[in-house]
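Here's a quick briefing to read alongside the picture. Have a look at the model, then go through the points below.

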Amino acid sequence: MDVGELLNYQPDRGAKRPRDDDGAAAGGEDDSRGGKQQKGLSARELAKYREAAAGMGIEIGGELRESEEFTGDKKKILEKLMDQDEEEPEAEPVDESSVKKMILTFEKRSYKNQELRIKFPDNPEKFMESELDLNDIIQEMHVIATMPDLYHLLVELNAVHSLLGLLSHENTDVAIAVVDLLQELTDIDTLHESEEGAEVLIDALLEGQVVALLVQNMERLDEQVKEEADGIYNTLGKEMNTDALTT
């Protein structure tokens with residue numbers, strides 16, 4: 001071996017052993033690339049869950065960290081609520097077309113519920129869903145109270161007659177829902193916004209014997225039950241509204 005080879009010679013140090021932290025970093029990178037790394041909820045997701053949970057009365061501790069995850073039914077319920085919020089369509093404007101559509105839906109649901117009750121009188125499971133649908137559309141019809149100049153549609157499409165018929169519905173919850181709707185439709189301040197609409201509606205209600213029907217319904221309500229007590233209160237308010245407009 002000459003001088004040049006001696007100067008260039010380096011002993012074999014063997015294979016370089018990777019450090020533990022290097023391996024961990026590489027493993028973490030592989031997990032991230034391979035989609036194996038389990039991530040928790042992001043700050044934005046946690047904020048959404050907390051907001052939805054607050055509306056449901058579910059308490060989520062403020063110390064919850066981003067790496068923690070919800071499990072079980074609570075997470076499923078919250079995700080469902082959030083999906084419903086995201087998919088909720090924009091409300092339709094209240095005009096003659098939308099009111100007609102609403103009244104038509106009400107008539108269909110009322111008829112369907114009546115039909116199922118007659119067909120399955122001893123099997124509530126058969127007609128309960130239709131009853132909930134009927135109650136929902138009655139609640140939606142409250143928006144009509146914001147447009148008293150369209151009250152004539154309630155009369156022309158026979159909705160007043162159908163509503164009065166529901167005051168004797170076997171389910172007092174449905175009857176109370178109708179009382180609430182009639183009370184809002186005949187609110188004095190609302191009726192003064194359109195004298196023509198008020199006159200058409202009140203005439204149809206009186207012709208349908210609304211006072212007698214309200215009294216009959218009120219007699220079967222239980223004041224010890226909060227919802228029914230509210231129905232009695234609204235019934236009395238409805239009668240006073242009708243009397244004030246007819247004197």
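**Surface and overall build**

The chain exposes about 16,900 Å², and carbon and sulfur atoms supply 48% of that area (Shrake-Rupley method with a 1.4 Å probe). Keep in mind that this is a predicted model, where local features need pLDDT of at least 70, side-chain atom pairs count only at pLDDT 80 or more, and totals for chains, interfaces and linings use all residues. Residues are numbered from 1 along each chain as its sequence is written, and side-chain values use heavy atoms, leaving out hydrogens and water.

**Helices and burial**

- You'll find 13 helices and zero strands in the chain (DSSP runs numbered from the N terminus: H or I of at least four residues for helices, E of at least two for strands).
- Out of 247 residues, 32% count as buried (under 20% relative accessible area, 1.4 Å probe, protein chains only).
- Take the contacts (heavy atoms within 4.5 Å) with a separation of 6 or more: 67% of them come from residues 24 or more positions apart.

**Two helices side by side**

- Helix H6 (residues 124-140) packs with helix H9 (residues 172-185) at an angle of about 10°, their axes 10 Å apart (axes are lines fitted to C-alpha atoms over the stretch in contact, with angles from 0 to 180 degrees between N-to-C directions).
- So H6 is roughly parallel to H9 (angles under 35 degrees).
- On the H6 side, the contact includes Leu134 and Ile138, while H9 brings residues including Val174 and Leu181.

**Around a ring**

- Lys126 lies over the face of Phe120, at 5.5 Å from the ring centre (NZ of Lys or CZ of Arg within 6 Å of the centre and within 35 degrees of the ring normal).

Notes:
Buried < 20%, exposed > 50% of the residue type's maximum accessible area, 1.4 Å probe, protein only. Parallel < 35°, antiparallel > 145°, perpendicular 65-115°, else oblique.
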